[in-house]
Amino acid sequence: MLTLKWFFVLILFLAILAILAGQLGMFKGIAPNDLGVVEGRLKLPADTPNSVSSQADFYPDHPQHGYARIEPLPLVGDSKSVLDKIKSIIEVIPGSKVVIYQEHYLYVQFTTRVMKFVDDAEFWFDPQSNVVQVRSASRLGKSDLGVNRKRIEWIRGQLKSVRPLTQVA
């Protein structure tokens with residue numbers, strides 16, 4: 001019984017230590033320096049199941065092609081107004097930070113509340129396809145537990161409404 005008690009104390013200590021490390025920014029990772037649009041493409045999906053990309057079909061042999069594939073966001077209005085709307089939707093998400101906001105491109109960082117993990121998301125109006133291409137990826141870890149996909153799909157749902165009504169959980 002004493003061994004079991006110490007086991008739980010150890011687990012509690014490790015959990016507190018992990019939360020403290022997260023609060024100190026030890027899980028934020030390094031910001032990528034290769035984001036943006038290059039020759040009509042956003043960065044390719046990550047090699048692990050922790051990213052989504054509306055341009056995954058450009059990389060059919062990529063190991064995460066199936067996992068990463070997500071539909072682009074629809075054009076709502078013109079390119080400027082759709083990125084304005086996406087930006088306003090993103091600004092209600094706790095932990096979001098707009099890093100770059102240009103006429104056809106938006107780069108955002110999303111930071112989780114407790115562990116302070118950072119995900120990088122890009123939105124680009126693609127004039128060839130007349131849609132908003134999107135890529136969202138976690139900086140650390142082998143899996144994002146579907147968080148990037150859920151966030152992009154939530155943004156898609158908000159785009160369909162007249163204005164953002166709810167906050168992402």
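Is Asp120 buried or exposed? In this predicted model, where local features need pLDDT of at least 70, side-chain atom pairs count only at pLDDT 80 or more and totals for chains, interfaces and linings use all residues, Asp120 is buried, with a relative accessible area of 3%. Buried here stands for under 20% relative accessible area, exposed for over 50%, and partly exposed for values in between (1.4 Å probe, protein chains only). Residues are numbered from 1 along each chain as its sequence is written, and side-chain values use heavy atoms, with hydrogens and water left out.

Asp120 pairs with Arg139 in a salt bridge, the closest N and O atoms lying 2.8 Å apart; the term denotes a side-chain nitrogen of Lys or Arg within 4 Å of a carboxyl oxygen of Asp or Glu. Because Asp120 belongs to strand S4 (residues 118-126) and Arg139 to the loop between strand S5 (131-138) and helix H4 (147-160), the pair ties together parts that are 19 residues apart in sequence. Helices (H or I, at least four residues) and strands (E, at least two) are DSSP runs, numbered from the N terminus.

The whole structure holds seven salt bridges. One of them joins Arg69 to Asp57, with 3.0 Å between the closest N and O atoms. Arg69 sits in the loop between helix H2 (65-68) and helix H3 (79-90), and Asp57 in the loop between strand S1 (51-53) and H2, so this contact links parts twelve residues apart in sequence. Arg69 also meets Glu71 in a salt bridge (2.8 Å, N to O).
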